[in-house]
Amino acid sequence: MAVKIVGAGKALPRKKVLNSELPKELETSDEWIRSHTGIGNRYVCSEDENSATLGTNAAAQALLNAQSNGCSVKAEDIDLIVCSTATAVHWSFPSNACLIQRGLGASKAAVFDLTAACSGFIYAMQVGRSMLNQMNWKHALIVGSEMLSKIVDWSDRSSCILFGDGAGAVVLERTDDGADTFGSFILGADGKGADVLYLDSEKLKIRMDGHAVYSFAVGKMVEIIQTLMEKDKLTIDDVDLIVCHQANERIIRAAAKRLNYPIEKFPILLEEYANTSSASIPISLVDLAERGILKHGMKILLAGFGAGLTWGGCSLTW
Ligand code: UT7
């Protein structure tokens with residue numbers, strides 16, 4: 001059985017916040033943020049928006065995209081919705097996936113949320129893919145949706161400047177003809193790093209040791225990419241794009257340099273979206289596809305890392 005990505009969509013809040021529009025009390029600057037992170041602006045939810053409305057809109061767009069790609073799937077045909085989020089609308093329950101199911105009218109679907117921080121979308125794709133095969137189901141929606149503005153500590157200038165809100169989604173289809181979209185997956189975690197990036201459960205604010213996350217991230221990105229290359233017997237010439245979790249432009253550049261791979265193969269989208277946690281990889285894929293950079297048939301690698309500490313990667317043909 002083969003599982004393919006047949007559609008993809010993204011959704012951003014209406015409001016864009018430029019670096020220069022951040023609160024004056026932070027004593028930061030556009031120059032510092034750009035030179036230390038590559039971020040130019042981020043999208044932030046208004047009162048009537050949240051991680052479930054964004055997730056619903058991204059999923060609806062992914063369904064439309066699947067239909068325009070010749071796949072006849074409708075919301076009511078979806079068997080499974082997995083929503084990766086660290087910022088669900090409700091504390092604990094109901095899941096964002098339930099709200100997305102309701103918003104879409106995907107009445108047949110089994111649904112749940114999954115939390116693996118910024119690595120969550122890659123975890124969710126592998127969970128969705130496995131369940132399609134195990135349950136003999138045909139269609140799954142995999143959503144990464146976040147409203148990090150809700151948990152950012154707006155008095156901590158070293159972390160609050162990094163994050164943005166947004167959502168991305170893909171439609172997976174199981175078919176018995178053709179090749180699987182996916183190659184190898186890598187999923188992992190090291191709970192010893194649980195204290196370097198976490199949500200303070202009393203204040204409900206992000207706490208982060210930026211230097212510790214940075215050095216973990218560079219090493220782990222290199223390891224994931226090298227391992228995927230070895231597992232799938234690829235060389236850099238076989239790979240069109242390496243789409244990394246968008247946390248800091250310097251992390252991506254450092255990984256590319258350590259691997260000695262051309263930086264042109266590593267798309268950098270931080271300027272527009274900042275770090276949207278588990279939404280960053282699907283938002284990046286859709287942005288690149290919309291701009292004609294990511295094309296049908298391309299071989300790509302995905303690599304993500306996040307709080308936990310967690311990580312994930314996979315190779316796939318778009
Ligand atoms: O999805 C995972 C999420 N987290 C990450 O990926 C975080 C990874 N780490 C990073 O991206 C970087 O470590 C940061 C962007 C968080 C920080 O960059 P840095 O180059 O490591 O800066 P730093 O923490 O070493 O701080 C350098 C200076 C300090 O001032 P002093 O002590 O040298 O006077 C900071 O107080 O920059 C200061 N600073 C700022 N200045 C203006 C820190 N944040 C800011 C700011 N604006 N926003």
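I began with the domains: the assignment, automatic or from a database, gives domain 1 (2-175) and domain 2 (182-317) in the chain. I noted that this is a predicted model, in which local features need pLDDT of at least 70, side-chain atom pairs count only at pLDDT 80 or more, and totals for chains, interfaces and linings use all residues. Residues are numbered from 1 along each chain as its sequence is written, and side-chain values use heavy atoms, with hydrogens and water left out.

I then looked up how the domains sit together, and found their C-alpha centres 16 Å apart, with 50 residues of domain 1 in contact with 45 residues of domain 2, where contact means heavy atoms within 4.5 Å.

For the whole chain, I listed nine helices and 13 strands, taken as DSSP runs numbered from the N terminus (helices are H or I with at least four residues, strands are E with at least two). The radius of gyration is 18 Å, close to the 20 Å that the globule rule gives for 318 residues, so the chain is as compact as a globular protein of that length; the radius is taken over C-alpha atoms, and the rule is 2.2 Å times the number of residues to the power 0.38. Buried residues make up 58% of the 318, with buried meaning under 20% relative accessible area, exposed over 50%, and partly exposed in between (1.4 Å probe, protein chains only).

Next I turned to salt bridges, in which a side-chain nitrogen of Lys or Arg lies within 4 Å of a carboxyl oxygen of Asp or Glu, and the count came to 15.

- Asp 48 pairs with Arg 14, the closest N and O atoms being 2.9 Å apart; the two lie 34 residues apart, Asp 48 in the loop between strand E3 (41-44) and helix H2 (51-68), and Arg 14 in the loop between strand E1 (2-11) and strand E2 (15-18). Arg 14 is exposed, at 57% relative accessible area.
- Arg 34 and Glu 271 meet at 2.8 Å, N to O, and this pair links helix H1 (residues 30-37) with helix H8 (residues 270-273), 237 residues apart.
- Asp 153 and Arg 207 also form a salt bridge, at 2.8 Å; Asp 153 lies in the loop between strand E6 (139-147) and helix H5 (157-160) and Arg 207 in strand E10, so the pair ties together parts 54 residues apart in sequence. Asp 153 is buried, at 13%, whereas Arg 207 is partly exposed, at 22%.
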